[in-house]
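This briefing goes through a protein model by topic, from the overall fold to single residues. Please keep the structure open alongside the text.

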Amino acid sequence: MKIEKILFATDFEKTAAEALRYTFYIAEKTKAKVVLFHAFCNGELLTKEQESIRTQKSIQALQKLVAQNTPNHQLVRVEYLTDKQFASAAIPKVVKNSDIDLTVLRMKKRSNSLFGELMGNTTLEVLFRLE
């Protein structure tokens, strides 16, 4: 299987930098394009202006993450995507609509509480939603 597009989805957890370096290493070796993705939904309703501001801030944060953690990032083709949905709902749509071949997720565990254990985590939710 040829890898042409890699999705890197993050919530900017501390360990995202290591996962991002891994993603760019694979992309450089396979000549794949990296699609960097952040979902910024936290359950609140946003105006169009607020959504636009959050989109800009998310893209700027993704660009900063790349610039600070991948010294050879200019050797890899990159696309930036954001969404106002919860990550667990948005990521499967991105995978399907963008013809993603490989997905790298680095999401924070919800919590160590009973709620967190019952609800699982974003990675598991994404896997269950992918067909």
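Helices here are DSSP runs of H or I with at least four residues, strands are runs of E with at least two, and both are numbered from the N terminus. By that count, α3 is followed by D99, a residue with a positive phi near 55°. The model is predicted. The protein has five helices and four strands, in the sequence order β-α-β-α-β-α-β-α-α.

**Overall**

- The protein has 131 residues, of which 35% are buried.
- Of the contacts between residues at least 6 apart in sequence, 74% join residues that are at least 24 apart.

**Helix pair α1 and α2**

- Helix α1 covers residues 16-30 and packs against α2 with 10 Å between the axes and an angle of about 75°.
- Angles of 65 to 115 degrees count as roughly perpendicular, and α1 and α2 are therefore roughly perpendicular to each other.
- On the α1 side the contact is made by A16, A17, L20, R21 and F24, and on the α2 side by L65, V66 and N69.
- Sorted by class, the residues of this contact are six nonpolar, one polar and one charged.

**Nonpolar cores**

- The largest nonpolar core has 17 residues, and those with the most contacts inside it are I6, F8, L20, F24, A27, V34 and L36.
- Two or more residues of this core come from each of β1 (5-10), α1, β2 (33-39) and α2.
- The element that gives the most is α1, with six residues.
- F24 is in contact with V34, V66, T70, H73, V76 and V78, leaving aside neighbours within four places in sequence.

- T70 sits in the loop that runs between α2 (48-69) and β3 (78-83).
- The cut-off for buried is under 20% relative accessible area, so T70, at 3% relative accessibility, counts as buried.
- A polar atom of the T70 side chain lies 2.5 Å from the backbone oxygen of V66.
- Beyond residues up to four places away in sequence, T70 touches L20, R21 and F24.

**H38, in β2**

- H38 belongs to strand β2.
- With a relative accessibility of 11%, H38 counts as buried.
- Apart from neighbours within four places in sequence, the contacts of H38 are T10, D11, F12, S58, L62, L81, T82 and D83.

- Helix α3 is mostly covered, with eight of its eleven residues buried.
- The buried residues of α3 are A87, S88, A89, A90, I91, P92, V94 and V95.
- D99 is placed in the loop between α3 (87-97) and β4 (102-106).
- D99 is not a glycine, yet its phi is positive, at about 55°.
- Exposed means over 50% relative accessible area, so D99, at 58%, is exposed.

- K31 lies in the loop between α1 and β2.
- Phi of K31 is also positive, near 65°, in a residue other than glycine.
- At 64% relative accessibility, K31 counts as exposed.

**I3, before β1**

- I3 is part of the segment before β1.
- I3 and K29 are 26 residues apart in sequence, and their C-alpha atoms are 10.0 Å apart in space.
- Leaving aside neighbours within four places in sequence, I3 is in contact with T30, A32, D101 and L102.

Terms used: Residues are numbered from 1 along each chain as its sequence is written. This is a predicted model: local features need pLDDT of at least 70, side-chain atom pairs count only at pLDDT 80 or more; totals for chains, interfaces and linings use all residues. Side-chain values use heavy atoms; hydrogens and water are left out. Buried means under 20% relative accessible area, exposed over 50%, partly exposed in between (1.4 Å probe, protein chains only). A polar contact is a pair of N or O atoms within 3.5 Å; within protein, one must be able to donate a hydrogen and the other to accept it, and residues adjacent in sequence count only if both atoms are side-chain atoms. Contact means heavy atoms within 4.5 Å. Axes are lines fitted to C-alpha atoms, for helices over the stretch in contact, and angles run from 0 to 180 degrees between N-to-C directions. Angles under 35 degrees count as roughly parallel, over 145 as roughly antiparallel, 65 to 115 as roughly perpendicular and the rest as oblique. Ala, Val, Leu, Ile, Met, Phe, Trp, Tyr, Cys and Pro count as nonpolar, Asp, Glu, Lys and Arg as charged, and the others, Gly among them, as polar. A nonpolar core is a set of buried Ala, Val, Leu, Ile, Met, Phe, Trp, Tyr and Cys residues joined through side-chain atoms within 4.5 Å.
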